[in-house]
Amino acid sequence: MSAVQLVGHGGLDQLVHSHDVPTPRPAAGEVLIDVHACGMNNTDVWVREGAYGSDTDPSEVSSWRRGRSTLTFPRIQGADIVGRIAAVGDGVSRDRVDQRVMVDFSLYHRPEGDESLADIDYIGHGRDGGYAEYVAVPAENAYEVTADIPDAGLATFCCAYLTAEQMLDRARLAKGERILVTGASGGVGSAIIQLARVRGAIPYAITSAGKEQALVAIGAEGTILRDTGDLVAEVEKVVDAPVDVVADLVAGEMFNDLLRILRPEGRYTTAGAIGGPVVQLDLRTMYLKHLELHGSSQGTRTAFRRLVGYIEDGSIRPLLDRTFALSDFHDAQRAFMAKSYIGKLVVVPDRHWDTVGAPHAP
């Protein structure tokens, strides 16, 4: 089959598009998926670059989970998998063949009912993912979806929206509360805006110029430009009440200002740091305001099932910017890293391009 394999840490040259990768066979308890679309994520880039650092050296080349990494090369990345079940392994009903599914990419390593994420892994890291024509996954991770959403649109939900929902769970975002979202135009940020509205909360977006109206259209109550001289003052102008929760995907130089913006006993939750992972923190801001700080990554089975329900009942909608053919993967990742889009970029295997893909902008 055709697939894009990550052959080592480094630049785009470490991503190799091959036509002779063995097609996987589903083991017992697994299904084989004919991949129709697979969304792109920041984790793809950070794993390729080995950008996760270590506990003692933030510049050390290291994969996701740092010293506990399960990454081996070559690895097919791609977590946001949508397609149809083509075959099943032993113990899986043949009635599942031809089901249209989206994949919960998390590998939980704990029994049903145990919601701990302490030793979680994911498809596309600990085992091969969806930047390929076929992928084998545990049958329990493949959820049938009947919503009238195109495959490329459905592939925008998996990782970004699960990550967003888990962040809101960790922060206990409630109806009527105000939440400030950084990196709001990206996949996770735009998901937080929609999922906050599902909960009856009021989201505000920090973004770059030119993206404001698109974020208002998906539910942002107001927007703040990230390059403003005084972020705290600008937020006070836009938000009409104290900020209860900050959902941060940027960090970097704005980190301490975000804590200043929070009300006393407010909650900060993060699942990314595209603006810089090493930050300055005035601990007095944290302890004098009785703040809570939550780290978050991926999500629980319960959160994913809730997400599928939101998709089926139309509570959330896809925010698809562009699709790319699998053979144009380098172009896709360059566009992803440029961050000039709103929502998600999705990769489509070339053999499904005529039915799933669409011409993309250069």
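**Close-up 1. Helix H3 (residues 158–171) packs with helix H9 (residues 301–313) at an angle of about 115°.** The model shown is predicted. The axes of H3 and H9 lie 9 Å apart. H3 passes H9 in a right-handed crossing. On the H3 side, Cys158, Tyr161, Leu162, Glu165 and Asp169 make the contact. H9 contributes Ala303, Phe304, Arg306, Leu307 and Tyr310. By class, this contact of H3 with H9 holds seven nonpolar and three charged residues, and no polar ones.

**Close-up 2. Helix H1 (residues 42–49) crosses helix H10 (residues 329–338) at roughly 105°.** The two axes come within 10 Å. The range for roughly perpendicular is 65 to 115 degrees, so H1 is roughly perpendicular to H10. From H1, the contact residues are Asn42, Asp44, Val45, Arg48 and Glu49. From H10, they are Gln333, Phe336 and Met337. The residues of the contact of H1 with H10 split into three nonpolar, two polar and three charged.

**Close-up 3. Strand S13 (residues 243–248) is mostly covered.** Six of the six residues of S13 are buried. S13 pairs with strand S10 (residues 178–181) in the parallel sense. Three bridges make up the pairing of S10 and S13.

**Close-up 4. Strands S13 and S14 (residues 262–270) run parallel.** Five bridges join S13 to S14. For Val246, the bridge partner in S14 is Tyr268.

Methods: Residues numbered from 1 in each chain as written. Predicted model: local features only at pLDDT ≥ 70, side-chain atom pairs only at ≥ 80, totals over all residues. Heavy atoms only, no water. Axes fitted to C-alpha atoms, helices over the stretch in contact; angles between N-to-C directions. Helix = DSSP H or I, 4+ residues; strand = E, 2+ residues; numbered from the N terminus. Parallel < 35°, antiparallel > 145°, perpendicular 65-115°, else oblique. Contact = heavy atoms within 4.5 Å. Nonpolar A, V, L, I, M, F, W, Y, C, P; charged D, E, K, R; others polar. Left-handed = near helix turned anticlockwise from the far one by under 90°. Buried < 20%, exposed > 50% of the residue type's maximum accessible area, 1.4 Å probe, protein only. Pairing = 2+ DSSP bridges.
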